[in-house]
Amino acid sequence: QEGYSDFKLIIAGGTANTADSREYEAELREQAKGLGNLVEFTGSVSDMRSLRAETDVELVLSESEAFGRVTIEAMMASNPVIATDAGANRELIMQKVNGVLINDTKALADACKRFIDNPAEIRIMGGLAYKYASENFPSEKNSGSVYALYEELVERIK
């Protein structure tokens, strides 16, 4: 409505085999009608790494995000994240440093417009997102923490 057309929204992932999931996808597709090639539905994606390499900003818009694995994966790809201010996102995203937390559709639109209007911010925030994720969530650290937790639980039940 505001004349932006220099972007593409890629909705990655397939629907779960539930009526609610299929209904939600149908609703999204209906809303995307009339937007031409500005919105693309990929269905299931077997190689998110390649898709992320072609992505500038990622959206994580779930209403509850327990650990925030998708947020961390986006950051590890040097992509800033626009995410709902829910669950782990509020612990992972430093507002306007490595991403943007939003609470409603107006804030989502404003954050998207900000990145479109200021592409340098994508590189800056993306670099800071990568730095944060790689320092705090390297796979070695995470696997070591999980292993230590298992050891502690085993000791408790002995």
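Here are legends for a few close-up views of this predicted model.

Residues are numbered from 1 along each chain as its sequence is written, and side-chain values use heavy atoms, with hydrogens and water left out. Since it's a prediction, local features need pLDDT of at least 70 and side-chain atom pairs count only at pLDDT 80 or more, while totals for chains, interfaces and linings use all residues.

View 1. The C-alpha atoms fill a box of roughly 65 × 40 × 30 Å along the principal axes.

**View 2. An open sheet of three strands in the order S3-S4-S5, paired in parallel.** Two strands pair if DSSP finds at least two bridges between them. At the edges sit S3 (58-60) and S5 (99-102), each pairing on one side only.

**View 3. Strand S4 (residues 81-84) next to S5.** These two run in the parallel sense and share four bridges. Look for isoleucine 82, which stands opposite valine 100 in S5.

**View 4. Arginine 29 over a ring.** Its charged end sits over phenylalanine 41, 4.2 Å from the ring centre. To count, NZ of Lys or CZ of Arg must be within 6 Å of the ring centre and within 35 degrees of the ring normal.

**View 5. The second largest pocket, with a volume of about 220 Å³.** A pocket here is an open set of points on a 1 Å grid over the protein atoms alone, where a 1.4 Å probe fits, with protein on both sides within 12 Å along at least five of seven lines. The volume is the space filled by probe spheres set on the points.

**View 6. The lining of that pocket: Met48, Arg49, Arg52, Ala53, Glu73, Met76 and Ala77.** Lining residues have an atom within 4 Å of a point. Helix H2 (48-53) gives the most, with four residues, and helix H3 (69-76) supplies at least two.
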